[in-house]
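Subject: Structure handover

Hello,

Here is the structure I promised you. Please open it and keep it beside you as you read.

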Amino acid sequence: MEDDLNGTIHPACLQEPPLAMDVIKQMDAFGFCLYIMLTFMSCVSLVLYLEQCVFIYKHLPYPKKTTIIWVNGAAPVIATMSCFGMWIPKAVMFTDMTSNCYFAVVVYKVLVLLIEELGGTDKFLERFSGKTVRISTGPCCCCCPCLPRVPMTRRLLFWLKLGALQYAILKTVLSVVSVVLWTNGNFDLSDLEITSTAIWINPFIGVLTIISLWPVAIVFMNSNSYLRSLKIVPKYAMYQLVLVLSQLQTSIINILALDGTIACSPPFSSQARGSLLSQQMMIMEMFIITLVCRFLYRRVYDELPSEVDDNDVNVEVALKLPLEEHDV
């Protein structure tokens, strides 16, 4: 009975990801056109990003320009690495590691960008001097509205930065360790045994991710009202979208592949085909996000007015309203 069952399974469904040349040899006309189109999209994303880097470097001051360059590179880098993973299935472990490590740094850079948009650390603290900030935000404490507001101090800002920075450091270290273990055959996503290294490393990385996203959300929720003129809300939305697509979407597809929901298609096993679908979807999604980010970031704008100037403007508006009502 077992021999009959094994005989119905294609041998390629039980093998490792195929070589790039094997994929090209078995590719039909539609598959070839699809690969060419996705490769073109990833190349366009990379070219647009490089052109935007030149523009930002020439027109924006330091250190804001380096931070914006880092944040803008999330979508093009992921698209480029996904293109390599699409053409070379055996290199997916390395391409995913590169994308994940880069995005881990981007999480920290988004926090730095929010502070830089308010004028830097000193002006940020000056603007929130004597005020309290809300910490009941996602992904850790969105369901805890009873948490008290806390004063924004230099020490609190340091811990917020450290909370985001730890992910950039530890994620990179754990990714390198995972690749080293994978080359030795000790890291396998399909191995769900308690003794598997993947079953311990991946949940720990998930906890680090949640911890790093919380400080960024705290700073954004308390500063977005000051930065609406700089289109900070759609910028933050693009960062969140990259996070969901590169982390959550990929994890869901991998789980479906391990469960066998994504069928095997020689020369790809279920897991390799799931990874291929994830890479192809990522290229299209990151291409669109690159275009949107180009529209949001490729501009020169003046610095935000100080809080005193904001209060003067509010007073002037308040004085004009009664006069206008009297004239009417």
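Predicted model: local features only at pLDDT ≥ 70, side-chain atom pairs only at ≥ 80, totals over all residues.

Residues are numbered from 1 along each chain as its sequence is written, and side-chain values use heavy atoms, leaving out hydrogens and water.

Start with the largest nonpolar core, which has 66 residues. (Such a core is a set of buried Ala, Val, Leu, Ile, Met, Phe, Trp, Tyr and Cys residues joined through side-chain atoms within 4.5 Å; buried means under 20% relative accessible area, with a 1.4 Å probe and protein chains only.) Helix α6 (residues 92-117) gives the most to this core: 13 residues. Helices are DSSP runs (H or I, at least four residues), numbered from the N terminus.

Phe103 is among the residues with the most contacts inside the core. Leaving aside residues up to four places away in sequence, Phe103 touches Ala74, Tyr239, Val242, Leu243 and Gln247. Contact means heavy atoms within 4.5 Å.

A second, separate core has 12 residues, including Tyr35 and Cys83.

Now look at helix α4 (residues 64-72). Seven of its nine residues are buried. They pack against α3 (29-59), α5 (74-87), α6 and α11 (270-297).

Last, the pair α6 and α10 (residues 232-259). Their axes, lines fitted to C-alpha atoms over the stretch in contact, come within 12 Å and cross at roughly 165°. Angles run from 0 to 180 degrees between N-to-C directions. The two helices are therefore roughly antiparallel, a term for angles over 145 degrees.

Best wishes

Note on methods. Buried < 20%, exposed > 50% of the residue type's maximum accessible area, 1.4 Å probe, protein only. Parallel < 35°, antiparallel > 145°, perpendicular 65-115°, else oblique.
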